[in-house]
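Let's take a walk through this one together, starting with the pieces and ending with how they meet. Have a look around first.

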Amino acid sequence: MYGPHLNETPAGGWSTAGEADKLVKTHCCFCGVQCGIQLKVKDNQVVGFEPWEEFPVNRGMLCPKGVKRYLQGGHPDRLLTPLIRTESGFRPESWEKSIDLVAERIRRIQEKYGRDSFAVISGASLTNEKAYLMGKFARVALKTKNIDYNGRLCMVAAGAASRKAFGVDRAANPWSDLPLAKCIIIAGSNIGECFPILTDYIWRARDNGAKIIVIDPRATPIGRTADLLLPVKPGRDSALMNGILHVCIEKGWIDRDFIMKSTNGYDAVRATVANYTPARTAEITGVPAALIERAAEYWGTAATAMLVHARGIEHHTKGVENCLTCINLCLATGKIGKPGSGYAMITGQGNGQGGREHGQRCNQLPSGRDIENPEHRRLVAERWGVPESELPGAGLASTEMMEAIHKGEIKGLLSICINPVVSLPDAAYTRAALEKLEFFGVIDFFMSETARHADVVLPGSLQEEDEGTITTAEGRVVLTKQAVTPPGEAREDWRIICDLARKFAPWDKFPYQCPEDIFRELRTVSRGGPIDYYGITYDRIEKEHGVFWPCPEVTHPGTPRLYEGGTFHHPDGKARFHAVEYRPPAEDVDAEYPVILTSGRVVSQYLSGTQTRRIGPLVQQYPEPLVEMHPKMAASVGVRTGEQVTVTSRRGSVTLACQVVKTIRPDTIFIPYHWAGEKSANRLTIRALDPISKIPEFKVCAVRVEKASGGPRP
Amino acid sequence: MIDADQEFFLDPSRCIGCQACFHACAECDTHRGTSMIHLEYADRAESVQTVPVVCMHCDDPACANACPADAIKKTADGIVQSSLQSRCIGCSNCVLACPFGVPKYVAKIDQMMKCDQCYDRTSTGKRPMCVTVCPSGALAFGTREEIEKKRRERPIDAFVFGPQIVHTKVQMMMPLHATALDLDLADLVEGASNGPKTGLEGRLPDLVGR
C-alpha cells in the first residue's frame, strides 16, 4: 500500500493548467546545481511549474527531474500520519503519542547501553537549517557522539582532499568561470546526466574555443563530443593524473613562480610523478600514452583551465588520493584562483555542500569547525550555552554505523533523509543491520525501502513544504520557499526534530519558531569560523539571487571565487601538494570474478529513487536498471541487447536485461544504482572504505557475468 | 505574431538525450499532458547521440499539402499549426507525408497533433517551452545575429531529399562549410554506407589499451 506507485498526473488533474493561485520562486529539490524554478500552486497543492528565467545559474533551464518534480504533489504514496509498527503492519498513531514513544525508546536504550548506543543518521538533501539542527539535536539533546549523514556516500572524499590541500572545503570557482576556461578536464563526472544544466556551461566554453577532456570508462553524453576522451580503467584515476602531471613537468608547462610563492610540498610530488611516464601510466590505466600526452598538452598550454570532478573519482578506497592528484595538477600549473582557472568538485546531492558544513558530520561542529579542536569546541559550546565537557567527541561515519550495529555497539537509530537499504554498498548487510536494532525511527515523506524496517515512521516534509537555505555545489547560498503546507498530519521536519529535542533538552536550547530563527543562530555560530555565513540573510539571498560564502559581514559581497591572488586557507596562506602513489582498488578482477563493475546514475532518476521512482514519466523514461556492456563482452557471454544476464559478486547477484553498446570499455560493465531489492546494484558492490573519508568504493569491484538461466523473465 | 527576427535553432550535436524538452512540452497549457515532440537515439549500440525532433515548420509544408480535409493551417508568421479539431479526419496522410517524422496520430482523440512552436508562448514574446528548459543549448530561440556570434556552427534551412529541397523556418546548426543537409538514403542502409565514422565513441574499442 505504500508503493512505489507511479504518479502520472498533477494534483487536481491536467485541467488545473493556467489557473494557478500563485507562482513560487524556489529551487529544484534534485542535485547540487539547485536550478531556479517557479512552482505553480493551486488549492495548497503544487500542480505544475513555470521556468524561472531570471535566476542566473540555469536561466530557466531544467532537466527532466526538474520538469516533473512537481508530480510529488498530491502523490498517493505520501505519508500523512505517524505510523507505528505492529505484528500486522503499520498502524496510524497521534503525533503526541508517537513523539512520546520515540523519546521513551531513545531514553531506554541510552540508559541501558550508554548515550552513544543511540545513533542519528541524516542526509545532505536537508536544508542548512535542518543540517545544523540535526547536529545540535544529537549533541545537545541526545548527547550522543554518533551523528553522521549520507554525504559519506557522495562527495566526502573531495571535501577531505580540499581541506588537506586548500584548508577549506568548497568548489574553488563559480560555474560562471567555466566558459572562460580554454581547457576543461572533466574527471569522473557524467555531467550530461547528473548535472544536465552544467552542460550549457561546458558547451559555451567549447564555443569560446576551449578543449574539453573527459576522463570516463564510458562515452557519456558529455564525452561524446569532447575533444579528448580518456577511457580510464575504473580505479586507476590517481595514476592517470600523475601521468598527466608527469608530462606537464617534462615539457615545462608548470608555473614555477606560483609554486614558489603559494604552495608547499611540490618537490615530493615531482619526485613521485617522475615514475609515471606515459608508457607506465598507459599500462596501469588502459589509456594510450599518446592520449595522455595530448591531454597534458591541452591542459599545460592553455592560458586558462578548469578541472571539475564528481563521484567517478571520489567513490574509491583512494577517493581522497584521486582528488589530491587533480589538485596537484591545478597547483603545479598555477591553474587556480583566477577567472577561468580553477577547480571544482561537482557536489551531487541537493544540499551536498551545505549539508557538510553545519555540524551533522561525525567529526565536525557547525561552520566546518573541528570537533576535536579544543578552541572550536569551547567556542561552539559557549554559543550553545552548554559546558564544553558535555559536547561529545568524534563519532562513527554513517558507512561505519552498520558495522557497529552488527557488533552491538549501536542499539537504536533515528534516520532522516536517507535510504541506506538502497544507497549503501552490500545491501544484504545493511538490511540485516536494521533488523538487529532494538529501536529504529524514521522521518520521511514516502515509505522508503529503509522506512519499512522502522518501528516508528514520522511523516516529514517535501522540500516545497518547508523553507530554508541550501548551499549549491558552487558555494552559493540560496533560499527554498515553502510553496504549500505539508498534507494531512505531515509536519515540517524541523518541527519534528524540535519536538523531539524538547523531550531531552530545556526549551531554550531549541526555541525556534521558524527556519529563519535557526538560520539566524547558524549565522552567529558561524561568525569568524572557517565557513562564515554571518553576512548572509534571507533578504539578501532573495535580492541577490544567492550569496557565496565566506561572507563575514552583511556589507560583504560574498566570495564566488576562492584563492584569488594565490592565498589559501591554511594558517601560512599556502596550498599543500600531496604526493600520491597509485594503489589498486580494494577488489581487483581475478579468474573467478574477471569483470569490473562500475555504478552510477541515469538522468531521469535521483539517488536511491525514493522520490523519482514514484514519478511516472521519469520511470517510463528508463524503467529498470540495464547492464551496459561492450559487444566484445556480450559476444563472450553470448547475449544480445534485451537478454537477461546474471551478474555475481562475492556479496550477491542480480539478474537484469543487458544493453550492448560500444560506449563502454570492453573490460567493464555499468549498472545504475537507483533501484531496490532484486534490481539493486548495491547487492553487488563492496563494503570497502577510503581510510580518510570513509567513502565506499562504489565505482569498482569484481564480478562475473553470465547469461541468465531459465530464459527471459517477465 | 512571433517577432520576425526570433528564430528556432536546432543543434543535435549538443544534445545530451535528457528528454527535458519532451517532458516540458507536455506542460504547455494548450495541450497539457501530451508531448508533441520526441527524442530519439540515432543508434544506441554505436553511440549516445540523440536527436530532438520538433516541427521544422516548412515553407511549403508537405503535411498540409497532403491533408484532404485542409485541417493544417500555416500562420502568416510561418508557423504550421497542429490540426484543427473541427476538420481533422484522422487519416494520417500528414504522418506519412512529413519528411521529418513529426506529426503523430493520437488515437485517443482521433486527431493528429504536432508541435506548433508553442504559439501561445512565442506569439506573446516568450520562448517555446522545450527551448526554455533545454539544458544543453541543443534547442535555441533568438536572433540569427546572436547565434552566429555565440556559436561556431552556422544555421542551415535547406534539406535535400533526393530531387526535392525542403526549406524550413527552423534552422539546423551545421559545420561552417555546409550549405545544406544532404540525407543520402544509402547512409541509412546497412552495409551501403561509405561515410566515415566521426564520433569518438565509434573508436572507443581501439582507444582502449590492454
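Before counting anything, a word on terms: helices are DSSP runs of H or I with at least four residues, strands are DSSP runs of E with at least two, and both are numbered from the N terminus. Keep in mind, too, that what you see is a predicted model.

With that settled, start with chain B, which has 7 helices and 9 strands. Of its 210 residues, 40% are buried. Look at contacts in chain B between residues at least 6 apart in sequence, and you'll find that 50% of them join residues at least 24 apart.

Next, zoom in on a pair of helices in chain A. The axes of α3 (residues 128-142) and α19 (residues 493-501) come within 10 Å and cross at roughly 10°. Angles under 35 degrees count as roughly parallel, so α3(A) is roughly parallel to α19(A). From α3(A), the contact draws on A:Glu129, A:Lys130, A:Leu133, A:Met134, A:Phe137 and A:Ala141, while α19(A) brings A:Asp493, A:Trp494, A:Ile497 and A:Ala501. Sorted by class, the residues of this contact are 7 nonpolar, no polar and 3 charged.

What about the interior? In soluble globular proteins, nonpolar side chains tend to be buried together. Here the largest nonpolar core has 258 residues, and those with the most contacts inside it are A:Ile184, A:Ile213, A:Ile244, B:Cys21 and B:Cys130. Pick out A:Ile213: beyond its neighbours within four places in sequence, its contacts include A:Ile184, A:Ile186, A:Leu228 and A:Tyr298. Another core, of 30 residues, lies apart from the largest one and has A:Val639, A:Val645, A:Val660 and A:Tyr673 among its members.

Finally, how many residues does each chain put into the contact between A and B? Chain A gives 47 and chain B gives 38. On the chain A side, β3, α1, α6, α7 and α22 each supply at least two residues, and the largest share, 4 residues, comes from α6(A). By class, that side of chain A has 27 nonpolar, 12 polar and 8 charged residues.

Terms used: Residues numbered from 1 in each chain as written. Chains lettered and ligands numbered in written order. Predicted model: local features only at pLDDT ≥ 70, side-chain atom pairs only at ≥ 80, totals over all residues. Contact = placed C-beta atoms within 7 Å. Nonpolar A, V, L, I, M, F, W, Y, C, P; charged D, E, K, R; others polar. Core = buried A, V, L, I, M, F, W, Y, C linked by C-beta atoms within 7 Å. Buried ≥ 20, exposed ≤ 12 C-beta atoms within 10 Å, placed from the backbone. Axes fitted to C-alpha atoms, helices over the stretch in contact; angles between N-to-C directions. Parallel < 35°, antiparallel > 145°, perpendicular 65-115°, else oblique.
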